[in-house]
Amino acid sequence: MGTGLIILLIVIALALFAVSLYNNLVRLRNNRENAFANIDVQLKQRHDLIPQLVATVKGYADHEKEVLTRVTEARSAAMSAQTINDKIQAENQLTSALAGLKVSVEAYPDLKANQNFLQLQNEISDIENKLAATRRYFNTATRELNNAVQTFPSNLLAGMFGFHKEPMFEVPQEERAELDKAPEIKF
């Protein structure tokens, strides 16, 4: 009976350990989903401001329709994305489209002095800063989940229960070249 009791205690200990690992994986996955929900709040504000920004720019820059269309289409795609991974991809495209809009705006000194435009630009800058902070938090939560999914011993349970490595919210490859360049300062 002594050996049977020891085996039973070992089985119970292993079961408790497995439950603990599973619960940790669930907690990390939920933390990642919560982090993305925080990003969603900022994205909603961003999406609400973009039509106002586009309308303001449109009044000054009628011949910039291609840039404005790209921003509008990217916003629409971002708003209709369903999964976290689709949203990440769509938001990266929207960020790229907004960067193109910023470049186009440089050609319109009257627009840059317009009070409505300046207010919208400040609000979008504020939201972009908040988005950067929430994306950092999301990536931290994703890294923690990925570490748990890929490290021993939790990786043994992760695969059995459908946990897998999740993508980070990263800068798209096409924008990386721009980020590697030193900023141009003009006076």
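Are Arg-32 and Glu-166 buried or exposed?

What you see is a predicted model, where local features need pLDDT of at least 70, side-chain atom pairs count only at pLDDT 80 or more, and totals for chains, interfaces and linings use all residues. Residues are numbered from 1 along each chain as its sequence is written, and side-chain values use heavy atoms, leaving out hydrogens and water.

Let's start with the overall layout. The chain has seven helices and zero strands; helices here are DSSP runs of H or I with at least four residues, strands are E runs of at least two, and numbering starts from the N terminus. Of the 187 residues, 35% are buried. Buried means under 20% relative accessible area, exposed means over 50%, and partly exposed is in between, using a 1.4 Å probe and protein chains only.

Now back to my opening pair. Arg-32 is buried, and Glu-166 is buried too. Their side chains meet in a salt bridge, at 3.7 Å from N to O. By salt bridge I mean a side-chain nitrogen of Lys or Arg within 4 Å of a carboxyl oxygen of Asp or Glu. Why would such groups meet? Side chains of opposite charge can pair when their charged atoms come close. A search of the whole structure finds six salt bridges.

Next, please find Arg-46. Glu-91 forms a salt bridge with Arg-46, with the closest N and O atoms 2.6 Å apart. Glu-91 counts as buried because its relative accessibility is 1%. Arg-46 has a second salt bridge, with Glu-128, at 2.7 Å from N to O. Through shared partners, Arg-46, Glu-91 and Glu-128 belong to one network.

Which residue is buried yet has no salt bridge? That is Arg-135; the nearest side chain of opposite charge, Glu-91, is 4.7 Å away, counting Lys and Arg as positive, Asp and Glu as negative, and leaving out His and the chain ends. You will find Arg-135 in helix H5 (residues 115–150).
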